[in-house]
Amino acid sequence: MDIKHIDERVSVSPQIGIDDVARLKAAGFVAIINNRPDGEDATQPPGAVIAEAAAAAGLRYFAIPLGRDGVRDELIEATRQALDSVEGPVLAYCRSGTRSTTLWALSQAGREATEDLIGKAAGAGYDILHLRGHLDAGV
């Protein structure tokens, strides 16, 4: 796993596998957010399989797929609600971590300063400068 820590609560990564779920639990994560639509790649495990492994490990699981339709208000709100509903570290994943970082940042717009969100993303290796207008507006 290539986990990038956005802050003390949220981390992102590329696609995870079934075996990674137990490692996430052992590392102290309490929830997984799947931002990848099923069937995007023939080699990715279906979300239901990851959800089942998460349940078996005692982790919360949220499916908030961000696909070709792009970012929508309901995805941002679902991310905000998922993050607000758990106490402890959360891992969000997609193909590369970019979509997960985008949804995290947009879900926190208005709660954290734009520069802080951009800086946290950059610290994890993700450039979200193109979101500045949306972050400033507090989505």
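Modeller: Lys120 is partly exposed, with a relative accessible area of 24%, where buried means under 20%, exposed over 50% and partly exposed in between, computed with a 1.4 Å probe on protein chains only. This is a predicted model, in which local features need pLDDT of at least 70, side-chain atom pairs count only at pLDDT 80 or more, and totals for chains, interfaces and linings use all residues. Residues are numbered from 1 along each chain as its sequence is written, and side-chain values use heavy atoms, with hydrogens and water left out.

Lys120 forms a salt bridge with Asp7, their closest N and O atoms lying 3.4 Å apart; the term denotes a side-chain nitrogen of Lys or Arg within 4 Å of a carboxyl oxygen of Asp or Glu. This pair links distant parts of the chain, 113 residues apart: Asp7 belongs to the loop between strand E1 (4–5) and strand E2 (10–13), and Lys120 to helix H5 (residues 114–123). Helices (H or I, at least four residues) and strands (E, at least two) are DSSP runs numbered from the N terminus. Asp7 is buried, at 15% relative accessible area. A network of salt bridges links Asp7, Glu112 and Lys120.

Helix H5 also supplies Glu115, which pairs with Arg132 of helix H6 (residues 132–137), 17 residues apart; the closest N and O atoms of this salt bridge are 2.3 Å apart. Arg132 is partly exposed, at 30% relative accessibility.

Within helix H1 (residues 18–26), Arg23 and Asp20 are separated by about one helical turn because they are 3 residues apart. Their side chains meet in a salt bridge of 2.7 Å, N to O. Asp20 is buried at 10% relative accessibility, whereas Arg23 is partly exposed at 46%. The whole structure holds 10 salt bridges.
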